[in-house]
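Subject: Handing over the structure

Dear colleague,

I am passing on the structure below, and after it you will find notes on what was found, arranged by region so that you can follow them with the model open.

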Amino acid sequence: MDSYIHNFPTLFFTPTSLIPNKILKNPNPISCNCRNFLRDHNKSRKIRVIAGSKMGESAAASAIKMVFEPILEEGVFRFDCSADARTEAFPSVSFVNSKHRETPITSNHKVPSYIPTSEHVSGQQIVYFEVMNMVISFLQELRFTEQGKLVDRLKEQEKESVSNDISSTSFHKLSVICHNECDKLQVFTWNTDAWGYGTGTTSLYQSHPWILAILSNGEAFGFLADTTKRCEIDLRKESTAKLIAPSPFPVVTFGPFDSVTDVLTSLSHAVGTVFMPPKWSLGYQQCRWSYDSDSRVREIAKTFREKGIPCDVIWMDIDYMDGFRCFTFDQENFPNPRSLVDDLHSTGFKAIWMLDPGIKHEKGYFVYESGSEKDIWVQTKDKKPFIGDVWPGPCVFPDFTQEKARSWWSNLVKDFTSNGVDGIWNDMNEPAVFKSITKTMPESNIHRGDDELGGHQNHLHYHNVYGMLMARSTYEGMKLANPDKRPFVLTRAGFIGSQRYAATWTGDNLSTWEHLHMSISMMLQLGLSGQPLSGPDIGGFAGNATPKLFGRWFGVGSMFPFCRGHSEKGTIDHEPWSFGEECEEVCRLALKRRYRLLPHMYTLFYLAHKKGHPVASPTFFADLKDAQLRKNENSFLLGPLLVYCSTVSNLGVHEIHHTLPNGTWMSFDFQDSHPDLPALYLQGGSIIPFGPAHQHVNEANPNDDVSLLIALDKNGKAEGVLFEDDGDGYEYITGGYLFTTYVAELKSSIITVNISKTEGSWKRPNRPLHVHILLGEGAMVDAWGTDGEDLKITMPSENEVANLIFASKNNYKTRMENAKSIPDVEQAGGNKGVELSGTPVEVKGGEWALKVVPWIGGRIIAMEHLPTGTQWLHSRVEINGYEEYSGTEYRSAGCTEAYTVIDRDLEQAGEIECIKMEGDVGGGLAIERNISLSDKVFKIDSSLVARNVGAGSGGFSRLVCLRIHPTFNLIHPTETYVSFTSIDGSKHDVWPESGEQLYEGQFRPNGEWKLVDKCLGLCLVNKFDVDQVYKCLIHWDCGTVNLELWSEDRPVSKQSPLSISHTYQVTKIV
């Protein structure tokens, strides 16, 4: 599945998505038959106890202790419900070698520290982990972090002052997410096309059924539900994790070990490490849906070089193709891709091209014909090729579970690469299917999988690994094309273990401050599940960024492992120079900083590839015993480098409180500090390398100066490493590299910097060494020498150090004061209607939190029920959400007009509990809407009123109808239905298969209907006055449903408006 939520907890879980997901793709009825599960919940049966030890007392009474055996290495155990379940379990797709999961090791192993219990209910296996003294917390990311209290936390930060006194040991402590903030943490591993996901999204683009726990003593512990099927991870109970998936599946535990890194290293021995990326892929990458011609691509590349903004890659989205047919080129707009790529290469750019899994169902199309000849398409249950709509129209889909299909695809990729393709982007590979309520193919579809993957199974079994298998096929095809080059593949969908083949990103995010904030935790969460090469669409994919948001996001995103800007068709341009000179300069500074630090980042990726170490990690990794650090969502570590960001729109990084881990943390910059760039700190005892700010990676030369940044610890010592190789190819495997360990030590006012160890067969170039010793507050002393030779530096006197620090503080203050701030176009003056016209209004009260957009239809774009953490409605700003029309026609007047805020009521805390708006819909008519929140219910009173109807019409308007049109998200599409009792007493359960249904007269709901989610066990209850509502319409769509209320259809006058009053409330299924 795909999920990313954040909050730094003690317990981390990574399902599939990259981001907090709100729109869970339809779980398979076989993988999660929630109807049967709930109906038969009390009919669970016991199974024979084989082995076990004493557990906590919170698991269900019928749960039994699982059997275990040691596998892989010391500290790793496999648990099954029984010996029979062990033999019945499907092969592992996550493990590099599935035999390692099946083979016990015979060594003097200890008994596991924690033994889970399990029970069986209606074909579902429920596993309970109860770890006393374990704080349940959750880090969101694609892939999980709960954002429920994000706004409150950001407001708290605005009130805090900044602490910059970090020249010596810092004892600042961070507060962390505690049990009460994890009460609603429940996610589902089901890979989902989750455009515009939000904080309540429970499934995203990838599935990582992996939980990482930090114990109260600072030890770390991980457990993997090794199943490809839909898996529910429930962390709502303190110190308890519950895993639910179709039986049988094993659980593999790692640890407890002394550190999180030890757990991740052990995990990597099972599921593999990240592929070694070509060095150019760590540079900045520019993308858009779409650069629609080769001339536009050349223009973008030329502008980067003319403006001196570093960049390594230009991406080609789907519009380069001929009618969206994969492996083809539009002959009008991209007539000669080889020539385009040659031009890009000549100026230091690489080119990456998109390939989707949907192959156009069209006779004569060579890809379709060759695939049909080899019989490699996914089949329906009737054994016919499945046809589903995607971008090209009707499509068939390769069955990547078959070796012959993977080989077929790999050879197509091999031929495609001959056009000069440097990398490939696999999108839409959840797989996404249009015109489907589940947004994917039917779970009854058949995959004729290889035996080592699980054999012939339905789509339920293989859905979550479809994207990973596609990425694997693409990766292998690129290796076929050029065995001497490292492939670069980016995949949207994936499974734990996908990092062996591809990088990933956090999917179709939004251009909002909330999504900027979430992107930090989502990136970190992916790293904690073994996928270090990830990042968001910088600036946001959907919607128009403002200059301030774009510049701030660029500053943060430039420090992410994967650094790419991407934006949606129909939005304004989102290149670094698109938002004015001030924003352009911030972007330039940010990318120059990234390129200076690439030697350090590349070294981190080598360690990730070789040892499974994280590249980016949460700040609390610096001190696992400090539980308070786990709440910090504004900073992260790149090795010993701490990156501290401001995601608060009106506060620069120097205006927020910097809470640092215990120990010595030295601030520094490259004379580039700016309010919109992150602050940088280096941990005492560390050395990191950096280099020149090149325009692209290939400008670097082995003979360039080697620069070292050094922060001594309290004992006057420091150590760090630098990895160097060709930046591509595989010579590093056979020793063709140079891995240097640098050390520094202070003795009698003399710092000696030298090399303590080297690895690799590369000869050290004869090059200058430039050393920078950090003193505190950004002050430093530097010295030059020759790399490979001892360098001795005399430390300044105490007075000289004090003067240097004083001067550095003043310089920093001056730079911040004189920095050209990015204009904040979101701020506007005037009356209330204008004041709120650029920012959604947050209406909060009782159990509800809404976001309202007055300036486009007065629509509601978010509707969160706080006690359950469910987002019943989540939409983009300009379409869907909650709308109201003035006619029976779809999207008639009322849904796009600007509304004026007439009144607002505030509670004592300053939160809006009631808002009244009015929108002119033409012809002298207006729609009035009053939204009020109280306790469990929120109410909407709407009226279509005559304001200025001409006398010639007798004071009556045109024929109108007040049509209430909410678009609700289906978190579990196949387990959600509408239930009501009609006025005539008949009962109705309306499921998605029914399409569109209109109810009139005595068949109307009798004042109430419910949107029921069986998996959540919740109902959204909509109550209304039947005397005001003449028609009720249900319309099921792709992952959504409309529950419409229509007034009568008639003219209105000032004395006879049309009105509908209705309420929403969430209740539990009885």
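In this predicted model, an open sheet of 3 strands has the order S18-S20-S19, and the pairing within this sheet is antiparallel. Strand S18 (359–360) and strand S19 (388–390) are the edge strands, each of them pairing on one side only. Between S18 and strand S20 (residues 393–396) there are 2 bridges, in the antiparallel sense, and if you want a residue pair to look at, Ile359 has Val396 in S20 as its bridge partner.

A second open sheet is made of 6 strands in the order S2-S5-S6-S13-S12-S8, again with antiparallel pairing. Its edge strands are strand S2 (64–65) and strand S8 (186–189), and each of these pairs on one side only. Within this sheet, strand S12 (residues 231–234) and strand S13 (residues 240–246) run antiparallel and are joined by 3 bridges; Glu232, for instance, has Ile244 in S13 as its bridge partner.

Before going further, a word on confidence.

Next, a pair of helices. Two packed helices are described by the angle between their axes and the distance between the axes. For helix H9 (residues 403–417) and helix H11 (residues 466–481), the axes come within 7 Å and cross at roughly 45 degrees, and H9 and H11 are therefore oblique to each other. The contact is made on the H9 side by Arg406, Trp409, Ser410, Asn411, Val413, Lys414 and Thr417, while the residues of H11 that take part include Leu469, Met470, Arg472, Ser473 and Met478. The crossing in which H9 passes H11 is right-handed.

Which residues does Glu582 contact, leaving aside its neighbours within four places in sequence? Glu582 has its place in helix H14 (residues 581–596), and its contacts of this kind are with Lys820, Ser821, Ile822 and Pro823. Glu582 and Lys820 are 238 residues apart in sequence, yet their C-alpha atoms are 6.1 Å apart in space. The relative accessibility of Glu582 is 27%, so this residue counts as partly exposed.

The other residue is Val877, which is placed in the loop between strand S46 (870–874) and strand S47 (882–885). Leaving aside neighbours within four places in sequence, Val877 is in contact with Val853, Trp855, Ile856, Arg859 and Ile861. Val877 counts as partly exposed because its relative accessibility is 29%.

Finally, some details of the backbone. Most residues other than glycine have a negative phi, and most peptide bonds are trans, so the following places may deserve a look. Gly255 and Pro256 are joined by a cis peptide bond, with omega at about 10 degrees, and Pro256 has its place in strand S14 (residues 251–257). A cis peptide bond also joins Trp289 and Ser290, where omega is about 0 degrees; Ser290 is found in the loop between strand S15 (285–286) and helix H6 (294–307).

As for phi, Gln671 has a positive value near 60 degrees although this residue is not a glycine. Gln671 is found in the loop between strand S33 (663–668) and strand S34 (679–683), and with a relative accessible area of 60% Gln671 is exposed. Ser749, which is not a glycine either, has a positive phi of about 70 degrees. The place of Ser749 is in the loop between strand S38 (738–747) and strand S39 (750–759), and its relative accessible area of 45% makes Ser749 partly exposed.

Note on methods. Residues are numbered from 1 along each chain as its sequence is written. This is a predicted model: local features need pLDDT of at least 70, side-chain atom pairs count only at pLDDT 80 or more; totals for chains, interfaces and linings use all residues. Side-chain values use heavy atoms; hydrogens and water are left out. Two strands pair if DSSP finds at least two bridges between them. Helices (H or I, at least four residues) and strands (E, at least two) are DSSP runs, numbered from the N terminus. Buried means under 20% relative accessible area, exposed over 50%, partly exposed in between (1.4 Å probe, protein chains only). Contact means heavy atoms within 4.5 Å. Axes are lines fitted to C-alpha atoms, for helices over the stretch in contact, and angles run from 0 to 180 degrees between N-to-C directions. Angles under 35 degrees count as roughly parallel, over 145 as roughly antiparallel, 65 to 115 as roughly perpendicular and the rest as oblique. A crossing is left-handed if the near helix is turned anticlockwise from the far one by less than a right angle, and right-handed if clockwise.
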